Amino acid sequence: MSESAVQTHYRACHLCEAICGLEIKTQGKEILSIRGDKDDPISQGYICPKATAIADIHNDPDRLRKPVKKVDGQWVEISWQEAIDTVAQRLVDMQNRFGDDSVGFYAGNPGVHNYGNLTHGSLLRRAVKTKNHFSATSLDQLPHQLTSYAMYGHQFLIPIPDIDRTDLLVILGGNPMASNGSIMTMPNAPKRLKDLQARGGKLVVLDPRRSETAEVADQHIFVKPGADAYVLMAIINTLFDENLLKLGHLEQHLEDLETVRVAAKPFDLELAEKQSGVSAGVIKTLAHELANTERAVIYGRMGVSVQEFGTVCQWAIQVINILIGALDREGGALPTSPAFAYVQKGTKGGGHFKLFNSRVSGLPEFGGELPAVVMAEEMLTPGEGQIKAMVTIAGNPVISSANASDLDSAFAGLEFFVAFDFYINATTRHADIILPPTSPLEHDHYDIAFFRLAVRNSTRYNPAVFAANDDSMHDWEIFNALAAKVAELKGNDFRPLPAPDLLVAHGIEHDHYGVHNNPDIALDMNKIKAAPHGIDLGPLVPGLPDRLATESGKIDCAPDFIINDLERLSNVASKVKSGELLLIGRRHVRSNNSWMHNYHRLVKGKPRWQLMMHPDDMHARGIDNNAQVTIESRVGKVTTTVIATDEVMPGVVSLPHGWGHKKPGVKMNIATQQEGVNCNELTDDKFIDAASGNAALNGVPVQVSTVV
Ligand SMILES: Nc1nc2c(c(=O)[nH]1)N[C@H]1C(S)=C(S)[C@@H](COP(=O)(O)OP(=O)(O)OC[C@H]3O[C@@H](n4cnc5c(=O)[nH]c(N)nc54)[C@H](O)[C@@H]3O)O[C@H]1N2
Ligand SMILES: Nc1nc2c(c(=O)[nH]1)N[C@H]1C(S)=C(S)[C@@H](COP(=O)(O)OP(=O)(O)OC[C@H]3O[C@@H](n4cnc5c(=O)[nH]c(N)nc54)[C@H](O)[C@@H]3O)O[C@H]1N2
Ligand code: SF4
Ligand SMILES: [Mo]
């Protein structure tokens, strides 16, 4: 038999927001190599160590290939037909017995990197009508989306730092050297940051930890967790006070700027210094530099979204960019112009807020979703509307969400649980049925979400690397089949959707570069498919005020609910009790949330899951380096190893999320051998950004002591 030929495929990496282009060589069913695609116009050959682990995902013996059902505590393989029929029947039964809201949904992060989830997920949601939708959005970027909705009228009209042309980039609570950029798709973050410095620009980082990005920055400023809002308000105050405003072309399109000036007044430099630990002089200089640098931009990510004042921080960052004239200006923060789902006035999906509230705590919905922090109480609190069945899609909330122990019990106590996932992990071990989609390399790929958030406009479509087995289903096919069955059982009409590439192709033709709007470019899927490395669509371009999606056509500088939330900020009494430390997270380039710990090449070497603590804090508690310590919060207690480092500021401890796989029933052979603990057993479902309901996973008060 002749050996099959070596084939070269081009495929985007779907693991993180950087969406690097890959060159994958295969022979038959074997992956020979995974390298960076040098001809990818945006990533230009860059990859990080996670990319090669895509081969491990594909080959992993622990990855489920067939649907499984739990029978007397044991997993047995079942046919797709049986799986779909059983799941549909159980969901409909639940709704018949306990009402529509008795079924809940949780959608995790990888669904956003797998476009069939985005195009087809709503089919199932429409078939199984419930108000109980949750997702990783409210553990993450909800404050960004809510702020864009409130100020610019659309949750995805999010201005992106023009990193390749700015001369001053101020980052709060983001670590692109490890994360490779977030809400700022920027493949090869290390080079882009170096280039900024090489052209004489300056990188400033505010972070309670000297992160990998702080390490390469021109200036690193330690800031107390959760206190950034004081710094940002003091910058706003200084800009007004010293008349440093440069409103530029948006001047006539700003509503309620005066409200901002008045609201910022009480938050002066002295207060900011007292609350944040950043000296008044440093904040003042920063305000001056932002105002006086021709091309400057301020940006904030996880550390300032997923904390107690997430929405105030994201709003204040937008306001500063407006005040210094950075919004919608080259080298500042600009709207993106993707080929699909370009946001302009009237674009669907702008958002809605507070249309209804959660049953138990009354937290508000946003865009049809309730905050993930209420998921456990909605499952655990009896009464009408209690969640009795869950559908999880590409998520692992028992490791990723606040108060993980409560969630673990909640999932264990469900009457029915179906998971779309290919691993039996800390969450899905509680499922009754698991529906494993095809491997990432077995389906085609288009980055609907991340082209929208990228520092440069581009487009790229990748066909599947391997043909899927006959007896397997893509996520989108499962959505089609399950939604059809649910509709049939309910006696409703149903029309399945065509394959995702057809939907995107149709969208592109009618969108910004499509023949109907742009006959000169007339971009279509055929042209995109003919360019396997992707097509560069150029740098970000100014588009405001035309693209504003607000009713007034103007920017709402002072949304009421955010201005009202400043009340909370002005309540300055320290909530930190004596001896308490503030817990923050941390990401590492070799890890990816909770699901990339099952591959030897990513977990080998020195451990990366320990608690980081400042030597002074250890000394004060008589804790030795490498000792076992207990960390205790309002909701939980874990035991792990501590390492002494002045990377974290005094009063702060850091523990990465995503670990804690040693649970009975988890079937991830390598992950379960890792010692890291689940830091979300410490994070608190009642500790939230009250304006949005987003979890505050950073800045959680904890006590640390030696294990006795
Ligand atoms: N303390 C703390 N907690 C955090 C964070 C933090 O910084 N600190 N970060 C938060 C953030 S930003 C996020 S985004 C969340 C992530 O939280 P989640 O989205 O809940 O968790 P992931 O670890 O991404 O889990 C993804 C699951 O999807 C499965 N999966 C992967 N690809 C596919 C696919 O193509 N189809 C299907 N059906 N399943 C797939 C994997 O097997 C895995 O089980 O965690 C949050 N939690
Ligand atoms: N390697 C790798 N890359 C990833 C991921 C991953 O798990 N691993 N996850 C992906 C996902 S889902 C996301 S959302 C992005 C996140 O992308 P980033 O936000 O860039 O990544 P983080 O490492 O979470 O950075 C948060 C920073 O905020 C700091 N911080 C914590 N609390 C505070 C605070 O109160 N104030 C300030 N100023 N800083 C604070 C932390 O010390 C940390 O350095 O990364 C994506 N990329
Ligand atoms: S930075 Fe790494 S994980 Fe992220 S897309 Fe690029 S290669 Fe993949
Ligand atoms: Mo995330």
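Around ligand 3 sit Cys-13, Leu-15, Cys-16, Ala-18, Ile-19, Cys-20, Ile-47, Cys-48, Lys-50, Ala-51 and Asn-180, where a residue is near a molecule if one of its heavy atoms lies within 4 Å of it. By class, this shell has nine nonpolar residues, one polar and one charged. Here Ala, Val, Leu, Ile, Met, Phe, Trp, Tyr, Cys and Pro count as nonpolar, Asp, Glu, Lys and Arg as charged, and the others, Gly among them, as polar.

A word on ground rules: this is a predicted model, in which local features need pLDDT of at least 70 and side-chain atom pairs count only at pLDDT 80 or more, while totals for chains, interfaces and linings use all residues. Residues are numbered from 1 along each chain as its sequence is written, chains are lettered from A and ligands numbered from 1 in the order in which they are written, and side-chain values use heavy atoms, with hydrogens and water left out.

The search runs on a 1 Å grid over the protein atoms alone: a cavity is a set of points where a 1.4 Å probe fits but cannot get out, a pocket is an open set with protein on both sides within 12 Å along at least five of seven lines, and lining residues have an atom within 4 Å of a point. Grid points are joined across faces, edges and corners, and a volume is the space filled by probe spheres set on the points.

The second largest pocket holds about 790 Å³. It is lined by 36 residues, and Lys-575, Val-576, Leu-582, Gly-699 and Pro-701 come closest to its centre. Both domain 3 (142-335) and domain 4 (574-706) give at least three residues to this lining; the domain bounds come from an automatic or database domain assignment. Helix H10 (269-276) and strand S32 (700-706) each bring at least two residues, and S32 has the largest share, with four. Helices (H or I, at least four residues) and strands (E, at least two) are DSSP runs, numbered from the N terminus.

As for cavities, the whole structure has seven of 30 Å³ or more. Of its 14 lining residues, Pro-159, Ile-298, Tyr-299, Ile-317 and Gln-318 are closest to the centre. Strand S13 (296-300) and helix H13 (310-323) each supply at least two residues of that lining.

Here are the two linings by class:

| Lining | Nonpolar | Polar | Charged |
|---|---|---|---|
| Largest cavity | nine residues | five residues | no residues |

Strand S6 (residues 103-107) is largely enclosed by the rest of the structure, because four of its five residues are buried. Buried means under 20% relative accessible area, exposed over 50%, and partly exposed in between (1.4 Å probe, protein chains only). S6 runs parallel to strand S17 (residues 389-393), with five bridges, and Gly-104 faces Met-390 there. It also runs parallel to strand S7 (residues 133-135), with three bridges, and Phe-105 stands opposite His-133. Strands pair if DSSP finds at least two bridges between them.

Most residues other than glycine have a negative phi, and most peptide bonds are trans. Asp-72, not a glycine, has a positive phi of about 50 degrees; Asp-72 is in the loop between S4 (68-71) and S5 (74-77) and is exposed at 77% relative accessibility. The bond from Leu-544 to Pro-545 is cis, with omega near 5 degrees.
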